Amino acid sequence: MTTSNSALPPMRLRIIGYWVDDDRPDLPDPANFVDPDWDPGKRQAVANYLNAGRPIGAECGCSPCRICGAPNGFEEFTDGVYQWPEGLAHYVLDHSARLPNEIVEHALRSTNSSTFVGLVDTEWWIAATG
Ligand SMILES: [Zn+2]
């Protein structure tokens, strides 16, 4: 593998919404995130945000909902900051799984503005020559 000065810094997507199962007993249990009193407007906004993610591939097979057992998608989505499974919006919307504040605020901020939320590297372009 070769590297050069023009390489962007390596980007790490923070994974969210992957839940406990037999293969990954270390992952969180969605039941611990359920908050029936969570504001329905925010819940809907976060679910919309999650559904509008950019698909970046498919998991192996369909992932059933850990709470109700319904088939719950197989794609992986990203927004350039987080990566989550397609079915995460189902937990938010249908089971009122309240995601950590960091994610809720990120989703609401991104929904309410057209500004790209990632870090912008200006130095490379400023130093570029024709
Ligand atoms: Zn479910």
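Student: So which elements have the lowest and the highest mean pLDDT here?
Tutor: This is a predicted model. Helix 4, residues 123-126, has the lowest mean pLDDT among the elements, at 85. Helix 2, residues 88-95, has the highest, at 97.

Student: And what is the mean pLDDT of the protein chain?
Tutor: The mean is 87. Of the residues, 87% reach 70 or more.

Student: How do strand 2 and strand 3 run, parallel or antiparallel?
Tutor: Antiparallel, with four bridges joining strand 2 to strand 3, residues 75-78. G57, for one, has E76 in strand 3 as its bridge partner.

Student: What about the loop between strand 2 and strand 3? Is G61 buried or exposed?
Tutor: G61 sits in that loop. It counts as exposed, because it has 7 C-beta neighbours inside 10 Å, and the cut-off for exposed is 12 or fewer.

Student: How far is G61 from E75?
Tutor: Their C-alpha atoms are separated by 9.3 Å. Along the chain, the two are 14 residues apart.

Student: Switching to helix 1. Which residues are buried there?
Tutor: R43, V46, Y49 and L50. They cover an arc of only 130° around the axis, which puts them on the same side of helix 1.

Student: Why would residues three or four places apart point the same way?
Tutor: An α-helix has 3.6 residues a turn, so they do.

Student: Which exposed residues are on the face turned away from the buried side?
Tutor: P40 and G41.

Student: What does the buried side pack against?
Tutor: The buried residues of helix 1 pack against strand 3, strand 4 (82-85), helix 2 and helix 3 (101-111). Take V46: leaving aside neighbours within four places in sequence, V46 contacts V92, L99, V104 and A107.

Student: Which residues touch the most other members of the largest nonpolar core?
Tutor: V46, L50, W84, L88, V92 and L99, out of 14 residues in that core. Helix 1, strand 4, helix 2 and helix 3 each supply at least two residues.

Student: Which element gives the most?
Tutor: Helix 2, with four residues.

Note on methods
Residues are numbered from 1 along each chain as its sequence is written. This is a predicted model: local features need pLDDT of at least 70, side-chain atom pairs count only at pLDDT 80 or more; totals for chains, interfaces and linings use all residues. Two strands pair if DSSP finds at least two bridges between them. pLDDT is the predictor's confidence in each residue, from 0 to 100. A residue is buried if 20 or more other C-beta atoms lie within 10 Å of its own, exposed if 12 or fewer, and partly exposed in between; C-beta atoms are placed from the backbone. The arc is that of the directions from the helix axis to the C-beta atoms. Two residues are in contact if their C-beta atoms, placed from the backbone, lie within 7 Å. A nonpolar core is a set of buried Ala, Val, Leu, Ile, Met, Phe, Trp, Tyr and Cys residues joined through C-beta atoms within 7 Å.
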